Amino acid sequence: MEAIELEKLSIVNYDANLCLTCSSCVNGCPAAGIDGLDPRKAIRMYVLGLEEELVNSKWPWVCTLCGRCAYACPMNIDLPGIFKYIRSLRPREKVPGVLHKGVINVLETGNNLRIPKDDYLMLMEELGEELANECCPGFRVPIDVVGAEYLFFPNSKEVFGEPDDMKWWWKIFYAAKASWTIPSENWESVDWGSFTADDEASKKIAKFKVDNAKKLKVRYIIAPDCGGSSWGFRYNYEKYFKDEMKKAGIELVYIYDVLIRFIKEGLIKIDKSKHPQLTTYHDPCKHGRILEMNNLKPYYEEPRFIIKQCCENFVEMYPNRGNNFCCGAGSGAWAGPYEKERVYYGRMKAEQIRNTRAKLVITSCSNCRDQIMKSLKKEYNLDIEVKYIWQLVADSLII
Amino acid sequence: MPIVEFKGHKWEVDEDGFLSGGLDVWDRDWVEYVKHIEGIPELTDEHWKCIHFLQDYYRTHGIAPMVRIFSKVTGFKLKKIYELFPSGPGKGACKMAGLPKPTGCV
């Protein structure tokens, strides 16, 4: 497997005084207009000393820190970095909704929902047995396997409410005869510390992952699929844990790296005739644009390669890759309280999808999937099916 | 804290519309209110079975149960739970039962 090539972290610029007020940022911002604000106005408020008003407004939380504004900025100002900083100035008890409570929970219990260890282990055992009976004889969920190749972190929303969704990855690991494991403690995949701009919490959540990887002596950590969480982990990895992990012989990989390895090395066999319908792909901001903006390798072509192995008819949505519009649910917006704003934000995504005429929409971030499948499909009457990219692979497997 | 009113009864709710006072102030009118906003046509014994189980579990464990446990105890599969509570077990059933909003991406 190719190691992730990294140069330096962040070329971004926090000096908002450089702003030319050109409004390039506004043009591609789906949150522009909500509460009369947009990225340009928010930056003007910041520059003109109205920081407190901005901190007290909900706009920096309706903004999904997707970075499309900064991608267009001719002065290379890191607008999402500034908006994240504004989020960090909110007193913790005033962080919207349950986001801060989730941060406390993960720090105290190792998962956002305070799911007890016994319940978690019971679930993994039962679901593993089910999958073995369904299609994967002999399968069981490997927990705390020392020396496993891949370390996978479950997302608490699946453990809590969508347990069967975990089986797609398990089927792929089974088919590939992969060596993998999940941890029994501090297993949370998502990083709400990055959502609430709590850098200290985000670092601790990343450390849970690094400590698990070192304890279990794994070869690879698979970054969370959740975009914000993958970026939260990547940021901390680059800043604090890179040397430590290298010394321990542990590499950070993304879901695409794993799937492509399995496909290219012939470890899994795919039947693309299972997906003849017109299919499109939604680029999650934090797997592409945000990495690119921070001088890290963006995952634009990898998902397309994977999809084309599994689907007969692929069509791009426009714009795409670095210019794609955010789904509207990133950086805590899915779990946050501003539902109407989130749906309004998603109108541009809905229009992009409709314009493709695709019947199947693939994405690779939990929040993007939920926003498109559970919200936008209904709100904007989209005649589509939505799948995770690993679900697509699992559904295309020849076992 | 925002206040919601339904048929002359007022409750304090949090930003997500969950009952701020929790089980201490929960009553049948609240259930009627959530039924109304969720667009649930009729409350059945199946709804009440879910509500009572969620409340019992919360009183004992201080959290909402995993759906797996919810399903096992009530005998309702996830699909059925979504039929009963269109917003799902977290945003729908927990809200109706007076539990706090679950702290995950649910």
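Predicted model: local features only at pLDDT ≥ 70, side-chain atom pairs only at ≥ 80, totals over all residues.
User: Why are W169(A) and W390(A) called a stacked aromatic pair?

Analyst: Rings of Phe, Tyr and Trp (its six-membered ring) pair if their centres lie within 6.5 Å; planes under 30 degrees apart count as stacked, over 60 as edge-to-face and the rest as tilted. The whole structure holds 28 aromatic pairs over all chains. For W169(A) and W390(A) the centres are 6.0 Å apart with 20 degrees between the planes, so the pair meets the rule for stacking.

User: What makes this pair a link between parts of chain A that are apart in sequence?

Analyst: W169(A) belongs to helix α10 (residues 167-175) and W390(A) to helix α20 (residues 389-396), so the pair ties together parts that are 221 residues apart in sequence. Helices (H or I, at least four residues) and strands (E, at least two) are DSSP runs, numbered from the N terminus. W390(A) also stacks with Y388(A), at 4.2 Å centre to centre and 10 degrees between the planes.

User: How do you know that α10(A) is mostly covered?

Analyst: Buried means under 20% relative accessible area, exposed over 50%, and partly exposed in between (1.4 Å probe, protein chains only). Eight of the nine residues of α10(A) are buried, among them W168(A), W169(A), W170(A) and F173(A). The cover includes α8 (117-134), β8 (385-388) and α20 of chain A. Just after this helix, K177(A) has a positive phi of about 50 degrees.

User: Why is the charged end of R219(A) said to sit over the ring of Y220(A)?

Analyst: A charge sits over a ring if NZ of Lys or CZ of Arg is within 6 Å of the ring centre and within 35 degrees of the ring normal. The charged end of R219(A) is 4.9 Å from the centre of the Y220(A) ring. K58(A) likewise lies over the face of Y338(A), at 5.7 Å from the ring centre.

User: What makes E126(A) and R68(B) a salt bridge, and why does the pair join two chains?

Analyst: A salt bridge is a side-chain nitrogen of Lys or Arg within 4 Å of a carboxyl oxygen of Asp or Glu. E126(A) lies in helix α8 of chain A and R68(B) in helix α3 of chain B, so the pair joins two chains. E126(A) also meets K72(B) in a salt bridge, at 2.5 Å from N to O.

User: How is the interface between chain B and chain A described?

Analyst: Contact means heavy atoms within 4.5 Å; 20 residues of chain B are in contact with 31 residues of chain A. Buried area is the accessible area (1.4 Å probe) that two parts lose on being put together, summed over both. The two chains bury about 2300 Å² between them, 58% of it on carbon and sulfur atoms. R68(B), T103(B) and C105(B) supply 34% of the area that chain B buries against chain A, more than any other three residues. Three salt bridges cross this interface. Helix α3 (residues 67-74) of chain B gives the most to the side of chain B that touches chain A, with four residues.

User: Why is G336(A) called buried, and what is it in contact with?

Analyst: G336(A) has a relative accessible area of 13%, so it is buried. Leaving aside its neighbours within four places in sequence, G336(A) is in contact with D16(B) and K101(B). G336(A) is placed in the loop between β6 (313-314) and α17 (339-345) of chain A.

Methods
Residues numbered from 1 in each chain as written. Chains lettered and ligands numbered in written order. Heavy atoms only, no water.
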